[in-house]
Amino acid sequence: MPAVPASKAGRNLPAALGVGFGLGLSLIAILLFAPKILIGVIAAAVAVATWEVAKRLREADVLVPRIPLLLGGQAVIWLAWPFGPQGVLGAFGATALTVMVWRLFDHGLRATPRNYLRDTAISLFTLSWIALLAAFAVLMLTEDDGNLRVLTFMILVVCSDVGGYVAGVLFGKHPMVPHISPKKSWEGFGGSLVFCVIGGLLTVTLLLQANSMIGVLLGVALVLVATSGDLIESQVKRELGIKDMGTLLPGHGGIMDRLDSMLPSAFVAWLVLTALL
């Protein structure tokens, strides 16, 4: 069978669209009809993403302790529901300390730790990058209109992705950061900005019944942070010498490849909406 040609963005476009629409519709249905189920979805996504990243790091001989990261990541997510930011902070601190001690003795009491500082620092980076940032989506969800806040932030991240893809494919000529992500262009960034600001105006006004200027601010902020999140993962993959973190989602890669822009956007959306609504 002939291979399906990749798009200009380097992906199997039909597969990517099919997976994207399927995930999007499923999440919208959950948010509208059973929003608390999303906590379990987020917890599962965090577990898979953590496993993907830990596996790739271990392939590069970075020995991050998987068990504390997986269990601690679940604690960070689930304790956000009943205890709010205090639960997130407590679970994060306990997990960070466990990781430090675990990595110190994971080869036994008589063995000399190897690359302890590097591996522990990267472990804490992984915990912050995935579980901690994802917890802010749960914190948003616990608000009275939390399902609409989460839906707003998700729509804006999609607007950023779609606007960047369309403008980049049609007009992209000037690379933003060619040594990190060669396919990202300034034209694509402009498309993300236009789509996201329009999306912010509409969603904040229609879904949250709030001042339209909050939508403009949120749209600009999420374009900046979503783009940064994508670049962060691109640099991590570049240093590891891989194309994708995983293979679970056809056309997208792994779960972490889908969450790269969502995770930092969850924090910024929580911050902006908590401060201004």
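## A tour of helices and a surface patch

Start with helix 6, which gives the most to the nonpolar patch, with 6 residues. What you have open is a predicted model. Now select Val158, Val162, Tyr165, Val166, Leu170, Phe171, Val194, Phe195, Ile198, Leu202 and Leu206: together they form this nonpolar patch on the surface, with about 1,000 Å² of accessible area. Helix 6 (146–171) and helix 7 are the elements that give two or more residues to it. Phe171, one of the patch residues, lies in helix 6.

Two packed helices are described by the angle between their axes and the distance between the axes. Helix 7 passes helix 8 in a right-handed crossing. To see the contact, show side chains on helix 7 including Phe189, Leu193, Val197 and Leu201, and on helix 8 including Ile214, Val216, Leu218 and Leu222. By class, this contact of helix 7 with helix 8 has 13 nonpolar and 7 polar residues, with no charged ones.

For a last stop, turn to charge pairs. Side chains of opposite charge can pair when their charged atoms come close. Across the whole structure, a search finds 11 salt bridges. Select Lys55 and Glu59 to view one: their closest N and O atoms are 2.8 Å apart. Both residues sit in helix 2 (residues 37–59), and because they are 4 residues apart there, about one helical turn separates Lys55 from Glu59.

Note on methods: Residues are numbered from 1 along each chain as its sequence is written. This is a predicted model: local features need pLDDT of at least 70, side-chain atom pairs count only at pLDDT 80 or more; totals for chains, interfaces and linings use all residues. Side-chain values use heavy atoms; hydrogens and water are left out. A crossing is left-handed if the near helix is turned anticlockwise from the far one by less than a right angle, and right-handed if clockwise. Contact means heavy atoms within 4.5 Å. Ala, Val, Leu, Ile, Met, Phe, Trp, Tyr, Cys and Pro count as nonpolar, Asp, Glu, Lys and Arg as charged, and the others, Gly among them, as polar. Patches are made of residues with over 30% relative accessible area and no salt bridge: like charges are joined within 9 Å, nonpolar side chains (Val, Leu, Ile, Met, Phe, Trp, Tyr) within 5 Å. Accessible areas come from the Shrake-Rupley method with a 1.4 Å probe; for residues, only the protein chains shown count as cover. A salt bridge is a side-chain nitrogen of Lys or Arg within 4 Å of a carboxyl oxygen of Asp or Glu.
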